[in-house]
2 protein chains.
Amino acid sequence: MAEKKMVEAITSMDEDFAQWYTDIVKKAELIEYTSVKGCMVIRPYGYAIWENIQRILDGLFKATGHENVCMPMFIPESLLQKEKDHVEGFAPEVAWVTHGGKEPLEERLCVRPTSETLFCEHYANIIQSWRDLPKLYNQWVSVVRWEKTTRPFLRSREFLWQEGHTIHATAEEAVIETEKMLNVYADFCERYLAMPVVKGKKTESDKFAGAVSTYAIEALMHDGKALQAGTSHYFGDGFAKAFDITYADKENKRVNPHQTSWGVTTRLIGAIIMTHGDNNGLVLPPDVAPIQVAIIPVAAHKPGVLEKANELKEMLSKNFRVKLDDSDNSPGWKFAEYEMKGVPLRIEIGPRDIENNQCVVAMRVNGEKEFVSLDNLTETVEAKLTAAREIMYNKALENREAKTYACTSTDQIKAILEEKGDGFVKAMWCGEEECEDKVKELTGVGSRCIPFDQEDLDDKCVCCGKPAKHMVYWGKAY
Amino acid sequence: MAEKKMVEAITSMDEDFAQWYTDIVKKAELIEYTSVKGCMVIRPYGYAIWENIQRILDGLFKATGHENVCMPMFIPESLLQKEKDHVEGFAPEVAWVTHGGKEPLEERLCVRPTSETLFCEHYANIIQSWRDLPKLYNQWVSVVRWEKTTRPFLRSREFLWQEGHTIHATAEEAVIETEKMLNVYADFCERYLAMPVVKGKKTESDKFAGAVSTYAIEALMHDGKALQAGTSHYFGDGFAKAFDITYADKENKRVNPHQTSWGVTTRLIGAIIMTHGDNNGLVLPPDVAPIQVAIIPVAAHKPGVLEKANELKEMLSKNFRVKLDDSDNSPGWKFAEYEMKGVPLRIEIGPRDIENNQCVVAMRVNGEKEFVSLDNLTETVEAKLTAAREIMYNKALENREAKTYACTSTDQIKAILEEKGDGFVKAMWCGEEECEDKVKELTGVGSRCIPFDQEDLDDKCVCCGKPAKHMVYWGKAY
C-alpha cells in the first residue's frame, strides 16, 4: 500500500535521530537541496510555515512600536572592520564579492552576515538630536555565513531571519528593549509554537561579537539537545563610539546613544520539527500550520459525498486554513500524507457520516479520533485546535522536564548523561571561564544560559568548588 | 517659517525634473544613501509603501493559484551558463563571490540577477510526470545587477522585487499564464496605483535574455518619459532543454515542459513618484499610502481638542491607516510635512469645529478643503479616498493622452518632440530591427512596445515606407 511505503520511508527517531530529521524535511516537502552547497530551496509548504511565523511576529513587532526597513545586502570591508570585536567574530565566515561584471571592485564587499554595521552607518546619517530617538527598526532578509558543516534550517550558509535594530538615548532604555524583545520571542515560542523555552543570559564567552550582553531563549529537542531559538543583544555605546554616532541631548551636549539588536531565523522551523515531530512525520502547531484542517472524503464517488465535503470546506475556510483533498489517491494514502505534513486536524466524511449528520475529526498530535456533529463544526474545530496546542505544549514541557537533571558535581553530570542520554543539566557555576571550559571538557556539555529563574542547588561551583555565582543550564547544542 | 523652508527645499519639477525626483525621495524619507554605491537604505516610510504593494500583489498571486518559495541567492557560474542567451544577457552585470571566509571558492558564485537558472535546477529535481504540472511559484527577494549609473528605485545595484516562475505541460498553457500575469500587473497598476499603463509585446531586440517573447506594461511619467512597470516572459521549452527538464506525459513519453517568468520591482515606487508627485512632494495612491489620513489638531492646547482628535483617530483606525500628529510642531509645519509625504487626506480639527460638530478634510491630490460633519465621518473618508483614486487616475491619463503623438514620418516625430517635449509616439513599423534602430538614431525615441490595442495609423513603416506590420509605442525610457 502506498501509505505503508510512505510511512516506512521515514527512519525511526530512536534509530537515527539525524536521519529522521532529514527524512522529514524532504518527505514533508519543506526543502530541496541545490547545487550550491549549504543553500537550500525552501519549498511552498516549508515557506508557508515561515510566512505564518513572519506574519505573527511582524504583528508583535509593530504592536511594540517597531518599523520595517531594508538595508543593502553588501557591507564594504572597511565598514565591517570599524568595530573590533564584531569584525573578529564575523570576518572568518563571510562570503566576499570581489568583482562586478568583469571588473574587480576597488574594495571588497561582504554579503551581510548580520547588519549592525549598516545600521550604524545609517544612524550616523539620520540622528542629530534627542528628538530623533529612539529608532525602533526591524528587517526581514536573508544573511550569509560560510559554515563548514550545514543542515537544513539548523545551520545553512544562507538563512532567512529578521533582525531588529534599535537605538536609544540611554543605557536603561536599551536594556529594557533588549529584555522586552526576548520576552516577545519567548511568548511567541510558547504561545504560537507550543514550545517551552528557558530565558536567560549568555556567559561572557558565548556573547554575540560586539555585545555587552546577550540574552537567549533555549529550547530542548526530542533527542535531549538544546537549540538556541532566539537572541537579543545589548550593545551599550560601543558601536556608537566606533561609528561616531552622537546626538545633542536636551542640554545640547553631544552624547553617544545605546543600541540593541535581536533576531530569530528559519531555525525555528527546525525547532518545530525536533520539538513536536514523531515517527509518522511532522506535527505542526496550529498557529503556523499552512493547512490546519485536511478534509478527506471517504467513498467520494458515492452521491453527495464531494458536495458535502465542499460545503464543509466553504464553511470552515471562513475561520481556518483548510484543504479538501479530492484527488483520486486512496483515503489511507491521504491519511498518511497529511500525517507526514503535520496537519493538526483531519476530517473524514463518508456516506454513512452524512446520513448521521456527523464526521470524524482526528487529531494529529495524539491520533485521537472522534465522531462529531456537523452542527457547530466551527466551534468543534476551534476547540480541537486549542486542545492540540495545549497537548503539544505539555508534551514538550514533559519531555524537557524528564530530561533536565540537577547536578552538584561533574562526576554526577557524566554519570547521569551516560545513564539517561542527552538533556539539560542544571548546575552551579563560579563565573570563571576556566571552569566553564573545564565542565565542557570533562562532561561534554557547554553552558547554554544563566536562566533568569535562578535556583539555589548548592553554594559551590560544580567544577572548582569555590563559591557559586549562578545556576547555569548546560547542554549539547544544535 | 518651518513649512516655508520645507517646501522651498524641493526643486520645482519644471526647473529640474531629476533633481525634483531626488529631493522627494530624500525629503519624504523614502530612502537614504549608503557607502555601498548604487545600494540604498529603504527607510520606514518607503518600505511601508512596498509592504502595501507586496500585500496586495501577494493576494492577487495567491488568488490565481501561485505559491511562494525561496531560492538561494547564489548561482554557481556553471549553472548560469547553461542557457546561452541568458548568460550572455546577464553575465556582464553580475556581482561575483569568489571567497568564503579566507578560502577561495572552487567555483565562483554570482549573486542572483534573476533566478531562472535556480528554478530550472529545482524543476529538474521535482518534476517527474504530467501529474506534477503545472508548478506556479513566486518569490519576494532582492536581486543584484552591477549597473554603472544608478538612481534610487529606478536603477539600483540591489533592488527588491517579486519573480514569478511557472512551468506547464504545454506551450498554450504557458502563453495563457504569461498573458494572465501581465493583466494582473496592469489591473494592479490601474486600480491600486491609479496609474494607466499600455499593455504590449516587446520587439525582438528588447526581449528578456532567454525568452521567446516578452510582454510589458509601459507607463508615461510627468516628464514624458516612459517607464516599464512590469514584465512577463514566455520561455517556450528553451530552458527546459538546456536544463534537461522532462516529464512523462499521459502516454508515458518524456516531454519538455514550457516555462514563464514575470516580475515587478521597487521601481514601482519610482513610477508612483513620477506619475502623481507635484511641487509640494509625493502624492500617494490611497491603497498603498502608509498613512491614509493624517489628523492635525488645531489649537491643540484648548480643552477638548486632543481628546476629540484621539476619538476620531480611534474611530477611523478601524477602517483606515491613520496618524494623529499631536507633536508640538505648528499646524502649518504639519500641513507641509504630510503634503510632502503624500498623505491622501488631512483632517483638521479645532475648538470651533468641535462646537459645530465638524472638521476640515483636505485632499492632497487637488488641495480641495471641505467642512464635513463628524457624523458619518467614516463614510465621508471612504468616499474621499475613492474620489482621490479616481482623480489621480484621470490626471495621469490626461497627462499621458496630452503627451501621446501619432506620427507618420520620422521628420514629424522629430518636429513634434521638439515642439512639445518628450512623450509617447505612436507610429507604424515594418518589423525590421534595422528600421527600429534607425528610428532611434534619427529621432531619439526607441520602441517601448507593440501594444495589444493596435491602431491603423498608416499602411507604411514610419522609417522605410515598406508595408507596416505593427503600430508601435516609441519613447525615451527610464
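In helix α13(A) of this predicted model, the buried residues are Val381(A), Lys384(A), Leu385(A), Ala388(A), Met392(A), Tyr393(A), Ala396(A) and Arg400(A). The helix covers residues 377-402 of chain A and has 26 residues. From first C-alpha to last, α13(A) reaches 37 Å. That is close to the 38 Å expected at 1.5 Å a residue. An α-helix has 3.6 residues a turn, so residues three or four places apart point the same way. Glu390(A) also lies in helix α13 of chain A. Glu390(A) counts as exposed because it has 12 C-beta neighbours inside 10 Å, and exposure requires 12 or fewer. Its C-alpha is separated by 58 Å from that of Lys102(A). Along the chain, Glu390(A) and Lys102(A) are 288 residues apart.

Helix α3(A) can be described in the same terms. The 20 residues of α3(A) should span 28 Å at 1.5 Å a residue. The end C-alpha atoms of α3(A) are 28 Å apart, in agreement with that expectation. Buried positions in α3(A) are Gly46(A), Tyr47(A), Ala48(A), Ile49(A), Trp50(A), Ile53(A), Leu57(A) and Phe61(A). Gly65(A) follows α3(A) and has a positive phi, near 90 degrees.

The relation between the chains was examined next. A rotation of 180 degrees superposes chain A on chain B, with 0.0 Å of shift along the axis and an RMSD of 0.0 Å. The two copies are thus related as by a two-fold rotation axis. Within chain A, Val97(A) has the C-alpha nearest the axis, 2.1 Å from it.

The contact involves 43 residues from chain A and 43 residues from chain B. On the chain A side, the elements giving two or more residues are β2 (40-42), α3 (44-63), β3 (67-68), β4 (74-76), β5 (95-100), β6 (103-111), α6 (116-126) and β8 (158-168). The largest share of this side, six residues, comes from β5(A). By residue class, the side of chain A that touches chain B divides into 25 nonpolar, 10 polar and eight charged. Of the interface residues of chain A, 100% are also interface residues in chain B, so the copies meet through the same surface.

Strand pairing crosses this contact. β5(A) pairs with strand β5 (residues 95-100) of chain B in the antiparallel sense, over five bridges. Trp96(A) has His99(B) as its bridge partner in β5(B). Strands of a sheet pair through backbone hydrogen bonds, either parallel or antiparallel.

Chain A also contains an open sheet of five strands, in the order β16-β15-β17-β18-β19, with mixed pairing. Its edge strands are β16 (322-324) and β19 (369-373) of chain A, each pairing on one side only. Neighbouring strands of this sheet are turned by 25 degrees against each other on average, direction ignored. Strands β17 (residues 345-349) and β18 (residues 358-363) of chain A run antiparallel and are joined by four bridges. Arg346(A) has Ala362(A) as its bridge partner in β18(A).

Two helices pack on the sheet. Helix α10 (residues 305-317) of chain A touches β15 (293-297), β16 and β17 of chain A. The direction of α10 makes about 170 degrees with that of β15(A). Helix α11 (residues 331-340) of chain A touches β15 and β17 of chain A. The direction of α11 likewise makes about 170 degrees with that of β15(A).

Conventions
Residues are numbered from 1 along each chain as its sequence is written. Chains are lettered from A and ligands numbered from 1 in the order in which they are written. This is a predicted model: local features need pLDDT of at least 70, side-chain atom pairs count only at pLDDT 80 or more; totals for chains, interfaces and linings use all residues. Copies are superposed by least squares on the C-alpha atoms of residues with pLDDT of at least 70 in both. Two residues are in contact if their C-beta atoms, placed from the backbone, lie within 7 Å. Ala, Val, Leu, Ile, Met, Phe, Trp, Tyr, Cys and Pro count as nonpolar, Asp, Glu, Lys and Arg as charged, and the others, Gly among them, as polar. Two strands pair if DSSP finds at least two bridges between them. Axes are lines fitted to C-alpha atoms, for helices over the stretch in contact, and angles run from 0 to 180 degrees between N-to-C directions. The expected span of a helix is 1.5 Å times one less than its number of residues. A residue is buried if 20 or more other C-beta atoms lie within 10 Å of its own, exposed if 12 or fewer, and partly exposed in between; C-beta atoms are placed from the backbone.
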